[in-house]
Amino acid sequence: VPLAAELDAVRAYLAIEQIRFEERLRVSFDIALGVDKLRVPPMAVQTLVENAVKYGVEASAGGGDIRIAAQRGTGVDMLRIEVANTGQLRGASGSTGIGLRNARQRLQLACGERASLALRQEAGWVYATIDLPEPA
């Protein structure tokens, strides 16, 4: 689907969560010009945003921030999508990790071996980064 359509679904989901969390949920978007037309696997970004809400915002009494960014990646023919949330990676949080494993598998099946999904923690933020090859 076009990234724009995926982001529309994410915005609709976040609108519902905003009612639930009120001022505890703070969201920002940074989408580079032109990348919204690029195609991404359906639910690729949505899955990461749901994880950010569940393990970042919901897990913190004070709520949290979520940043969603998309830009051309390090290679000219790559798209990088990043979903970041305040918090920390929780190894024993009760998560089975199945959602992320499935997301990685779907990305590789849809986009090939160059597609990747990586998690990292840095300076009080958790980053989920998808790198996708742009279609020729």
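Guide: We'll take a strand, then a helix pair, then a loop residue. Keep in mind that this is a predicted model.

Visitor: Start with β5. Is the strand mostly covered or mostly open?

Guide: Mostly covered. β5 spans residues 125-133, and nine of its nine residues are buried.

Visitor: Which residues point which way from β5?

Guide: W125, Y127, T129, D131 and P133 point one way. V126, A128, I130 and L132 point the other way. Both sets are buried.

Visitor: What does β5 pair with, and in which sense?

Guide: One partner is β3, residues 78-86, running antiparallel to β5 with nine bridges. Another is β4, residues 116-122, also antiparallel, with seven bridges.

Visitor: How many residues sit between β4 and β5?

Guide: Two. The strands form a hairpin, and A123 in the turn has a positive phi of about 50 degrees.

Visitor: Switching to helices. Where does T47 lie?

Guide: In helix α2.

Visitor: Why does T47 count as buried?

Guide: Its relative accessibility is 14%, and the cut-off for buried is under 20%.

Visitor: What does T47 touch, beyond its sequence neighbours?

Guide: Leaving out residues within four places, T47 contacts G99, A103 and R106.

Visitor: So how do α2 and α3 pack?

Guide: The angle is about 165 degrees, and the axes are 10 Å apart. α3 covers residues 98-111. The angle makes α2 roughly antiparallel to α3, because anything over 145 degrees counts that way. The crossing is left-handed.

Visitor: Which residues meet there?

Guide: From α2, A44, T47, L48 and N51. From α3, G99, L100, A103, R106 and L107. By type, the contact has five nonpolar residues, three polar and one charged.

Visitor: Last one, D36. Where is it?

Guide: In the loop between β1 (25-31) and α2 (44-57).

Visitor: How accessible is D36?

Guide: Partly exposed, at 26% relative accessible area. That falls between the cut-offs of 20% for buried and 50% for exposed.

Notes
Residues numbered from 1 in each chain as written. Predicted model: local features only at pLDDT ≥ 70, side-chain atom pairs only at ≥ 80, totals over all residues. Heavy atoms only, no water. Helix = DSSP H or I, 4+ residues; strand = E, 2+ residues; numbered from the N terminus. Buried < 20%, exposed > 50% of the residue type's maximum accessible area, 1.4 Å probe, protein only. Pairing = 2+ DSSP bridges. Contact = heavy atoms within 4.5 Å. Axes fitted to C-alpha atoms, helices over the stretch in contact; angles between N-to-C directions. Parallel < 35°, antiparallel > 145°, perpendicular 65-115°, else oblique. Left-handed = near helix turned anticlockwise from the far one by under 90°. Nonpolar A, V, L, I, M, F, W, Y, C, P; charged D, E, K, R; others polar.
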